[in-house]
Amino acid sequence: MMIKKYIIKEQECGYLMKDGRFVKMLTAGKYSYLSMLGYEVQTVPMTGEVRTCQIPEEILMKDEKFASMVVKTVLPDECIALRFVNKAYREVLTKPETLYWNVFEKNEFRLIDITQPYMEDTLPRMYMDLMPAKYYKKIVIKDGETGLLYFDNRYEKKLETGTYYFWNYGREVTCKIFNMKIQQLDISGQEILTADKVAVRLNVICSYRITNPEKLVQTVEGVASQLYTYVQLKLREYVGRYRLDELLEQKEEIGRFVLDKLKEYQDEYCVEITGAGIKDIILPGEIREIMNTVLMAEKKAQANVIMRREEVASTRSLLNTAKLMDENRTLFKLKEMEYLEKICDKVGNISLNGGKGVLEQLAELAGVQD
């Protein structure tokens, strides 16, 4: 006779089977059964979720010993549950029905209603990030931003800076976030013809700030692109009035014109225009070459005028000096000595005779060298 022995440990139990049918539950201990009679013991741990070894739950629950050692959770469609083991959080439950051993671990369950969008009304903040991502939506509004909250595409309220959690079950939760800081819009102009048919391109910088996001979503689609197109149209209107020379002389006026025109429509676009100006005026290549040539000619003419002015001033200074020396003999002698000093600095040897004075001989010598 074939006898098979089984040892069930302290935190285990066994399912006694005969010919594949459940007979009863076995607790810790040693057991022996005749395998030839169709007996078999399946051993499972008595912690966590119950392993049924493919035995229908209804059959296992008929065993009083088994039923006294397990706890069953049943979740309605509108709920999920938090499972706590020995008062410590363990997991989130989403399955409709689950069996847990309640022998060595004390299981507690907290049902959470997920049909109400505001998570903070039904769930402590510490557990929010532990929820399955498909059941909730996390919305982060940074500094300088504003969010518009929608339930099933219906506006709910405005969200200020902060982190928000909403159940996304049963109704769709969405949020449109707007940057309320001053933003810069670079507008690269296309070719625009001036009044004298010269193609120029203007690059404009515009700064704006959104003021009314609730109205903006209802009236304007893509405020940045709308401003971009509007500025381009106004630039064409302005540039077409003037010749190229006139346009280059009033760069600041162009920026003021664009700014004034934008401010006329800032309520319509739900923004505040804080500034606008011309960054570059780009000319065709041949026009740039011509203007460079003109600029060089102007600079050369200015340089010549300055040189002539300096020459005239120098000549006038010499004339004034000559008049003073002619009127004052002592000044003449001092100037003569100054020049003789400069000559002596550059002469190696000087021979003098005793018949005349030193200055007279040096003067004659200087006259001979000249």
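Author: Leu99 is buried, its relative accessible area being 7%; here buried means under 20% relative accessible area, exposed means over 50%, and partly exposed lies in between, for a 1.4 Å probe and with protein chains only. The model is a predicted one, in which local features need pLDDT of at least 70 and side-chain atom pairs count only at pLDDT 80 or more, while totals for chains, interfaces and linings use all residues. Residues are numbered from 1 along each chain as its sequence is written, and side-chain values use heavy atoms, with hydrogens and water left out.

Leu99 belongs to strand E9, which covers residues 97-101. Strands (E, at least two residues) and helices (H or I, at least four residues) are DSSP runs, numbered from the N terminus. With neighbours within four places in sequence set aside, the residues in contact with Leu99 are Gly48, Glu49, Val50, Glu57, Met61, Phe66, Val70, Val71 and Lys72; contact means heavy atoms within 4.5 Å. Glu57 stands 42 residues from Leu99 along the chain, and the C-alpha atoms of the two are separated by 8.9 Å.

Asn107 lies in strand E10. Asn107 is also buried, with a relative accessible area of 7%. A polar atom of the Asn107 side chain lies 2.7 Å from the backbone oxygen of Trp101. Not counting residues up to four places away in sequence, Asn107 touches Val71, Arg83, Phe84, Val85, Tyr100, Trp101 and Asn102.

Arg83 and Glu91 form one of them, with the closest N and O atoms 2.8 Å apart. Arg83 is buried, at a relative accessible area of 4%, whereas Glu91 is partly exposed, at 28% relative accessibility. The side chain of Arg83 also meets that of Glu105 in a salt bridge, at 3.7 Å from N to O. This pair links distant parts of the chain, 22 residues apart: Arg83 is in strand E7 (residues 79-85), and Glu105 is in the loop between E9 and strand E10 (107-113). Both Arg83 and Glu105 are buried.

A further salt bridge joins Glu237 and Lys234, whose closest N and O atoms are 3.3 Å apart. These two residues are separated by about one helical turn, because they are 3 residues apart in helix H4 (residues 223-239). Glu237 counts as partly exposed, at 34% relative accessibility, whereas Lys234 is buried, with a relative accessible area of 16%.

Finally, the chain as a whole. The protein chain has 9 helices and 19 strands, and buried residues make up 32% of its 370 residues. Of the contacts in the protein chain with a separation of 6 or more, 62% are between residues 24 or more positions apart. The protein chain exposes about 23,800 Å², of which carbon and sulfur atoms supply 49%; accessible areas come from the Shrake-Rupley method with a 1.4 Å probe, and for residues only the protein chains shown count as cover.

Definitions and conventions. Salt bridge = Lys/Arg side-chain N within 4 Å of Asp/Glu carboxyl O. Polar contact = N/O pair within 3.5 Å; in protein donor to acceptor, adjacent residues only side chain to side chain.
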